[in-house]
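Here is a short report on one protein chain. Look at the sequence and the model first, then read on.

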Amino acid sequence: MDRLCKASRTAQIVVVSRHEDFGFDPSGSGTEWEIRRVQQIRDVERVVRACPPTAGVIDLQSDYSEAEFTQLEQALQYLHITWVAITSDTMLAHERVRRLIRDYCVDYVRMPFSMPDLLYSLRHAQGMASLHGTRAPESASRGTMIGECAAMRAMFRSLAKVAHNEAPVFISGESGTGKELAAQAIHDASSRRKGPFIAINCGAIPSHLVQSELFGYEKGAFTGANQRKVGWIEQAQGGTLFLDEIGDLPLESQVALLRFLQQGMITRLGGHQSIPLNLRIISATHVDLVVAQTDGRFRSDLFHRLCVLTLTIPALRERGEDILLLANAVLAEHGHEAHRRIRGFSACATQAMMQYAWPGNVRELINRVRRAIVMTDNRKITAEDLQLHGGAELPRKTLDAIREEAEREAIRTVMASHGFHVVPAARELNVSRVTLYRLMHKHNIRVESHAAVGE
Ligand SMILES: Nc1ncnc2c1ncn2[C@@H]1O[C@H](COP(=O)(O)OP(=O)(O)OP(=O)(O)O)[C@@H](O)[C@H]1O
């Protein structure tokens, strides 16, 4: 204990409280702590992220809104800060307060507390925090992506793993879920981070221009080619090429891309020289590539080359309270665009956001909140400001329906990752081949056009 206490003498201590003076005063205690005070809950995470391993005091004597609790929870999860709470018997009656203390604090004191007791706990917490050394927080690889729900945390863990590998990554997810942001985060966490990150939307390039845009051309390659053009693939040399909406790539370009993936070289249109390239491909689409293969719109061999590693971004409606976290983050970032100070979201807005199906995912949420910030005349943003009154509500699903959906999705993903070969897929899913055939039949997953026939 003594050695741990010594480590704490010149440390920073984060103090989170709405009040300047709430009874915490370490002066005269012999410590040389530098105190970093944070009053606004929305600022806690930003401060905590930048802190070295240290201890923190969190003042839980006053009540917080649900959204603030969610923000607090997010900030308290950073492992390199070890927290001690100050609370009261009244506040301990709240389940959410008890949960915060139980899950994230090493100790707590009740009002009225004695300063020596608090200092003792704090020194202990600081000593525990120092054991983390300078290790980056768990979430360092998430880039600018916000998310604390189980599905997003699992995605961040996968993201960190794929970032440290060189193989192509395929990102699936509905439109606006953050696929490009995830691709950027993979690049930033990878050994190629100093190289370029080139993002192109294959669906936005007219089909007759895709080849020349991707591979470039030499002067005189076709009418109008007045000078040499270096294509997107070549521009990504040494870095990462993100091919969004890969499902929209014309078949002819799919062949050329496959050739590049196999040989690691390209030839500009009209050129004779093969140019060796070293880059990583990340691709994404919101269309179902399994169906696209079945329909003959997407080449299976290219699919397997691109989908060595896969990352699935959950739809916003599956992220629970992350919806409010994101809404608050947008408000914190764009609140200054309002013509008067906005004090958060009303209860009806919160409820409406949690019940809405968010077909446009995070992009839609950002747009709705930004529009509400500019248009509202209210102190708190309402469901009406968000234009979510009487909107498309999330259909309530039964547990059975959710299980069925998860089962179908798991089988489809594993089958696709094994090139529709039933035996290895059954092995990975830990079921017999017969069971897998039965489940595929139940979920109408067909393999006739793929390799599994005759297995
Ligand atoms: N987890 C997140 N945290 C913060 N912002 C996010 C998050 N996910 C997405 N965004 C923001 O939402 C918007 C849409 O994200 P992005 O363009 O990455 O989605 P996408 O899935 O690639 O969309 P599309 O399918 O249309 O190409 C961007 O402004 C992005 O910054």
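## A helix wrapped by its surroundings

Helix 14 (residues 322–334) has 13 residues and spans 18 Å from its first C-alpha to its last, close to the 18 Å expected at 1.5 Å a residue. The expected span is 1.5 Å times one less than the number of residues. Helices (H or I, at least four residues) and strands (E, at least two) are DSSP runs, numbered from the N terminus.

The model is predicted: local features need pLDDT of at least 70, side-chain atom pairs count only at pLDDT 80 or more, and totals for chains, interfaces and linings use all residues. Residues are numbered from 1 along each chain as its sequence is written, and side-chain values use heavy atoms, leaving out hydrogens and water.

Among the buried residues of helix 14 are Asp-322, Leu-326, Val-330 and His-334. The buried residues of this helix pack against helix 3 (66–76), helix 7 (150–163), helix 15 (347–355) and helix 16 (361–375). Contact means heavy atoms within 4.5 Å.

## A buried strand

Strand 11 (residues 280–285) is largely enclosed by the rest of the structure, because 6 of its 6 residues are buried. Arg-280, Ile-282 and Ala-284 point one way from strand 11. Ile-281, Ser-283 and Thr-285 point the other way. In a regular strand the side chains alternate between the two faces of the sheet.

Two strands pair if DSSP finds at least two bridges between them. The table lists two such pairs and one more from another sheet order, described below.

| Strand pair | Bridges | Residues facing each other |
|---|---|---|
| Strand 6 (169–172) and strand 11 | 4 bridges | Ile-171 and Ala-284 |
| Strand 8 (240–244) and strand 11 | 4 bridges | Leu-241 and Ile-281 |
| Strand 4 (81–87) and strand 5 | 5 bridges | Val-84 and Asp-107 |

What is the order of the 5 strands in the open sheet? The order is 2-1-3-4-5, and the pairing is parallel. Strand 2 (34–38) and strand 5 (105–110) stand at the edges with a single partner strand each, so one side of each has no neighbour in the sheet. The twist averages 20° from one strand to the next. Helix 2 (residues 41–50) lies across strand 1 (12–16), strand 2 and strand 4, and runs at about 140° to strand 2. Axes are lines fitted to C-alpha atoms, for helices over the stretch in contact, and angles run from 0 to 180 degrees between N-to-C directions.

## The nonpolar cores

A nonpolar core is a set of buried Ala, Val, Leu, Ile, Met, Phe, Trp, Tyr and Cys residues joined through side-chain atoms within 4.5 Å. The largest one has 44 residues, and those touching the most other members include Ile-233, Leu-243 and Phe-260. Helix 11 (residues 251–263) gives the largest share, 5 residues. Domain 2 (142–312) and domain 4 (399–442) both contribute residues, so this core lies between them. Domain bounds come from an automatic or database domain assignment.

Not counting residues up to four places away in sequence, Leu-243 touches residues including Ile-200, Leu-257 and Ile-281. A second, separate core of 25 residues includes Val-38, Ile-58, Tyr-64 and Ile-101.

How values were computed:
Buried < 20%, exposed > 50% of the residue type's maximum accessible area, 1.4 Å probe, protein only.
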